[in-house]
Amino acid sequence: MRALTLALVVAVSLLAAAPQALAQAADASAGKSVYEKKCALCHGENGDGKGPAADLLDPRPRDFTTGIYKIRTTAGKAPTDQDLFTVITRGMPGTFMPAWKVLAEKDRRSLVAYLKAFAPERFKETPKKQELPKEVASSGDSIKRGKEMFEAIECNKCHGTEGRADGPSRPELKDDWGHPIRPANLTKRWTFRGGATRADIAMRLANGVLGTPMPSFIDSVEKPEDIWHLANYIASLGPESPDYATLLSARAVGAPIPDDPSAELWTRIAPQNVPLVGQVIVDPRNFNPAIDMVTLRAAWNEQEIAFHLAWDDPTQSVEDKAKKTFADAVSLQFPPQLSAGPERPYFLMGDSSDAVYLLRWENGKGVVEAAANGPTKVAPLAGGEVTAKAVYANGRYRLVIKRALVSKDTARLTFRPGVFTPVAFQAWDGGAGETGTRMSLTSWYYLRLEEPQSNRRFVVPPVVAILTLVAMLLVGRVAHRRV
Amino acid sequence: MRRALGGFLALALVAGAAVFVHRPAPAGAQGGGTIEATVTYTGAPQVETLKVNKDTEQCGTEAKIEKVVVGANKGLANAVVSVAGLKGAPTAKKAEIDQHGCKFVPHVVAMTPGEIDIKNSDGILHNIHTYSTANPSINKAQPKFKKVIAEKLEKPEIIKLTCDVHSWMLGWVAVMPHPFFGVTDGSGVTKIENVPAGKQTVEVWHETLGKQTKEVEVKPGQVAKVSIEMKK
């Protein structure tokens, strides 16, 4: 009798498990059709990261057959289903993996089941959640301790002293597949693959980024809460989002403009972040640009206009044929004359019918004015007066280019206050082999020189308000007296 | 009646099971011999030098990547010699490897499944990054204040050990299923003790030159010398 009950219990539990197994199988086969339509071009038919587009992409698309996933919230090697779902939904910032929110949730979940089937060995055990120490809110003291830990653990070896990914070990870093890999630029949190919040950063510190040189630190910090102090310090190195500028402005200043990039005036002007993309129109093309952003601060007075540019570059490079490097360079592009309508020259440094006017700076050579009819037809303009001063420290260039406000000839633009002036940027990281058409660039933006404001706007409205209030009270008193 | 039957059945089961229980051969049994293996290589040593541009105080200005180290009498160093097919209890002594002068010392460590102490006597950041298939791979940071990290390596396998901060650093941990192994020294010699007597197959593994085997007859209480030449 007992044996019969035992047999019955076993049979029922097996039957209960079967539908779940069947459901898993259904998910994976639904996931297969989504995968082949949306994912196989990069990740390959066999999930090995060798799709037709893979050779153009850096970082390369994930090889699912090894079961190694970068972003996990688990203590072991395998991510949870939710981890995989989150990456598919959010994408991976700073890479070519887009956010797939457009796909229905059901489709994304069945993709997760299909991906796991590429490396079934890895997912046999239930993943164990990574326990983080109790969260420590950000504060001056926490950030200070985080900085101490950052230096004691020597994060600067890969990430650089200021976190700009210019550390000495950077050039040798390779991922588990032997491909070169770059450390994260800690001042650009929005490029972190796993997310920019403090909790995301703490999780990455705790369990590392699998498949890359980034190790786990949960066992390597002095006290468990140091994970949070470090996360707070790293979060203090840059904003959560770049807040890219749309309309660029130049501030009117009354005093002479300093030419030193570290001068105090520049700290009082709000930074304007401008994103750059790789030049992919003219061969040789640049699908993986090194410089992805410049920060502009501009100031002008009645005599001159000055542009303060800051951008991150891991090495200060000059032309070296043996090492295949070139001089780092950056240029500001304007139309030679302001036109009455919206027409502007071709944004890629002009073309044969319309030239552009460039303020071009090169490391080691200084700044020149030039006229360009395309990226390969750049001719310096003689007789101009433009000066520049550049400072390079800890993975960042800061440059001030100054020029007279008014120009004397038609090839050079005259800057006028209050007018929308087209402007574009180009940048070359010589250390990454960028030169000529291999550059990062922007399309046309507008720059506006702000008219100087008088202080009357702070005085007149309050005075008028007080006078009106007095008048109101008088009227009220007179009205009451009648009664 | 029923109780007696039940009791007899239980006894029978235990006895039956006992027949199949495998009792490991006691290590260090009387009647074991010693194997003295000499591994040689007639080719040229392969040692690459690299300029060091960081932590020169601890690492020096030049790093050596020792792919093939040949010593006196053409002896091949850093080869793991083991006796195939034996079973034995794990060694009591804990394995350890040190990061000293930005090198893994010793370059090759052989151990039975268990714990290994990874030391950092350099006082600068290293990270333990292992590449393995049977054992879970490890990537842990070892900053200067973490002098020892203990790791469990339970499955027999040859594991590659690197540091990402200092990309030239390379070490090997050979997890062996039994305690009958040795790593050759600078002159290519290693001794394996208490090997059960009889015809044994000696296996040699080297990181660059690969694997080779040779048969040797072990007599109790005697030293059996075997010489293996690694092919190019």
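## Basis

Residues are numbered from 1 along each chain as its sequence is written, and chains are lettered from A and ligands numbered from 1 in the order in which they are written. Because the model is predicted, local features need pLDDT of at least 70 and side-chain atom pairs count only at pLDDT 80 or more, while totals for chains, interfaces and linings use all residues.

After α3(A) comes Gly91(A), with a positive phi near 75°.

The axes of α3(A) and α4(A) are 9 Å apart, and the helices pack at an angle of about 120° (axes are lines fitted to C-alpha atoms, for helices over the stretch in contact, and angles run from 0 to 180 degrees between N-to-C directions). That angle makes α3(A) oblique to α4(A); angles under 35 degrees count as roughly parallel, over 145 as roughly antiparallel, 65 to 115 as roughly perpendicular and the rest as oblique. From α3(A), Asp81(A), Leu84(A), Phe85(A), Ile88(A) and Thr89(A) meet Arg108(A), Arg109(A), Leu111(A), Val112(A) and Leu115(A) of α4(A), where contact means C-beta atoms, placed from the backbone, within 7 Å. By class, this contact has six nonpolar, one polar and three charged residues (Ala, Val, Leu, Ile, Met, Phe, Trp, Tyr, Cys and Pro count as nonpolar, Asp, Glu, Lys and Arg as charged, and the others, Gly among them, as polar).

## Packing around α8 of chain A

Helix α7 (residues 198-207) of chain A packs on helix α8 (residues 226-235) of chain A at an angle of about 125°, their axes being 9 Å apart. At this angle α7(A) is oblique to α8(A). The contact of α7(A) with α8(A) has 10 nonpolar, one polar and one charged residues.

The axes of α5(A) and α8(A) come within 7 Å and cross at roughly 100°, and the two helices are therefore roughly perpendicular to each other. Residues of α8(A) in this contact are Asp226(A), His229(A), Leu230(A), Asn232(A) and Tyr233(A), while those of α5(A) include Ser142(A), Arg145(A) and Phe150(A). Here the classes are five nonpolar, four polar and three charged.

## Contact between chains A and B

Chain A and chain B each bring 18 residues to their contact. In chain A, α5 (140-153) and α6 (156-159) each supply at least two residues of the side that touches chain B. That side of chain A consists of eight nonpolar, four polar and six charged residues.

## Backbone details in chain A

Most residues other than glycine have a negative phi, and most peptide bonds are trans. The peptide bond from Asp58(A) to Pro59(A) is cis, with omega near 5°; Pro59(A) is in the loop between α2 (40-43) and α3 of chain A. Another cis peptide bond joins Asp283(A) and Pro284(A), with omega about -10°, and Pro284(A) is in the loop between β3 (277-278) and β4 (293-300) of chain A.

Met349(A) has a positive phi, near 60°, and is found in the loop between β6 (329-334) and β7 (356-362) of chain A. Met349(A) counts as buried because it has 27 C-beta neighbours inside 10 Å.

## Strand β15 of chain B

Ile192(B) is in strand β15 (residues 189-196) of chain B and counts as buried, with 22 C-beta neighbours inside 10 Å. Its C-alpha atom is separated by 8.7 Å from that of Gly33(B), 159 residues apart along the chain. Not counting residues up to four places away in sequence, Ile192(B) touches residues including Thr34(B), Ile35(B), Val81(B) and Phe180(B).

Asn194(B) lies in strand β15 of chain B too. Its phi is positive, near 55°, and with 17 C-beta neighbours inside 10 Å Asn194(B) counts as partly exposed.

Conventions: Helix = DSSP H or I, 4+ residues; strand = E, 2+ residues; numbered from the N terminus. Contact = placed C-beta atoms within 7 Å. Buried ≥ 20, exposed ≤ 12 C-beta atoms within 10 Å, placed from the backbone.
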